[in-house]
Amino acid sequence: MRRMAVEGGYRKPNTSKKHPGHKVYPYLLGELKIDRANQVWAADITYVPMACGWVYLCAIVDWASRRVLSHRVSISMDAAFCVEALQEALAKYGKPEIFNTDQGSQFTSEAFTEPLKARGVAISMDGKGAWRDNVFVERLWRSVKYEEVYLRAYDSVSEARASIGRYLNFYNGRRPHSSLDDATPDQAYFNPLPIRLAA
C-alpha cells in the first residue's frame, strides 16, 4: 500500500492539542435538554486530506438544528481561522446561550474565548478524550468525509475550500436529516417546528 500511495480513510494528526497555560472550562451539557436554535453552538476542527498534503476544516454548528453557521479551511492549526469562523457566526446569527468545544488550544485561547465572554455566552468544554460530548459535530465530520472529501482528491487549497463550501450549502439546505424528522438544518434553524431530536 505504501508503494502504491494507497491509504485508509482514518483520522490523522491529533487536532485537539491542549495548551498548558490556557483556561479549561467545565462541560455544561450533561443533563441539559437542547431543543431550540441558538441554545447551544459547538465548534470543532477536522483533518481534510488532499491529493498532495492536507488542510484543516473548522465549523461552527447550531446543536439543535445541526446547521453549519460558518466554516473556515486553513493550511495551519493556529487559532486565527477558528476565530474568523466564530466572528462570522456571531455577526450573522447573534449569539448562543452556551458555546461548546473540545479542549484544543485554538478554542481555549483568549482570542477565541474573549468574544464569547464579552457577549455573556457560557463556555463549555468536552472532557479530555470524550468525543461523545460533541457528538453532533463528529456526525457532521462523518457526513463531510464520506459524502464529499473521500470522493475527491483536491488539487489545491482553493479547490478544497470551494468544494467543501458547496457541500456545506447542500448539507444545510437540501440534505434531510432523520434526526430532524427529515427536515433540513435550514428548515430546523429558520422555521422551528416541534421536531423530534434524536440523540
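**Exercise 1. Which residues does Asn134 touch, not counting residues up to four places away in sequence?**

*Solution.* Step 1: apply the contact criterion, heavy atoms within 4.5 Å. Under this criterion Asn134 touches Ala42, Ala43, Asp44, Trp63, Asn100, Thr101 and Asp126.

Step 1: note the basis of these values. The model is predicted, so local features need pLDDT of at least 70 and side-chain atom pairs count only at pLDDT 80 or more, while totals for chains, interfaces and linings use all residues. Residues are numbered from 1 along each chain as its sequence is written, and side-chain values use heavy atoms, with hydrogens and water left out.

Step 2: place Asn134 in the chain. Asn134 belongs to the loop between β5 and α4. Helices (H or I, at least four residues) and strands (E, at least two) are DSSP runs, numbered from the N terminus.

Step 3: classify Asn134. Buried means under 20% relative accessible area, exposed over 50%, and partly exposed in between (1.4 Å probe, protein chains only). Asn134 counts as buried because its relative accessibility is 2%.

Step 4: Leu29 is 105 residues from Asn134 along the chain, yet their C-alpha atoms are separated by 9.5 Å.

**Exercise 2. Determine the order of the strands in the sheet and describe their pairing.**

*Solution.* Step 1: list the elements. The protein chain holds six helices and five strands, and its pattern along the sequence is β-β-β-α-β-α-α-β-α-α-α.

Step 1: recall the rule. Strands of a sheet pair through backbone hydrogen bonds, either parallel or antiparallel. Here two strands pair if DSSP finds at least two bridges between them.

Step 2: examine the pairs. β1 (residues 40-49) and β2 pair in the antiparallel sense over nine bridges; within this pair, Thr46 has Leu57 of β2 as its bridge partner.

Step 3: The five strands form an open sheet in the order β3-β2-β1-β4-β5, with mixed pairing. Its edge strands are β3 and β5, each of which pairs on one side only. From one strand to the next, the twist averages 20 degrees.

Step 4: inspect β4 (residues 98-101). Ile98 and Asn100 point one way, Phe99 and Thr101 point the other way, and all are buried.

**Exercise 3. Which residues of α4 are buried, and what covers them?**

*Solution.* Step 1: check the length of α4 (residues 135-147). The expected span is 1.5 Å times one less than the number of residues. The 13 residues of α4 should therefore span 18 Å, and the end C-alpha atoms are 18 Å apart, which agrees.

Step 1: list the buried residues. They are Val135, Phe136, Val137, Leu140, Trp141, Ser143, Val144 and Lys145. An α-helix has 3.6 residues a turn, so residues three or four places apart point the same way.

Step 2: identify the cover. It includes β1, β2 (54-62), β3 (68-74) and α5 (157-173). α4 lies across β1, β2 and β3 and runs at about 35 degrees to β1; axes are lines fitted to C-alpha atoms, for helices over the stretch in contact, and angles run from 0 to 180 degrees between N-to-C directions.

Step 3: describe the packing on α5. The axes of α4 and α5 come within 11 Å and cross at roughly 125 degrees. That makes α4 oblique to α5 (angles under 35 degrees count as roughly parallel, over 145 as roughly antiparallel, 65 to 115 as roughly perpendicular and the rest as oblique). In this packing, Leu140, Ser143, Val144 and Glu147 of α4 meet Tyr167, Leu168, Phe170 and Tyr171 of α5.

**Exercise 4. Are Asp181 and Asp182 buried, partly exposed or exposed?**

*Solution.* Step 1: locate the residues. Asp181 is in the loop between α5 and α6 (185-190), and Asp182 lies in the loop between α5 and α6.

Step 1: apply the classes. Asp181 counts as partly exposed because its relative accessibility is 42%. Asp182 is exposed, with a relative accessible area of 56%.

Step 2: examine the backbone. Most residues other than glycine have a negative phi. Asp181, although not a glycine, has a positive phi of about 55 degrees, and Asp182, also not a glycine, has a positive phi of about 65 degrees.
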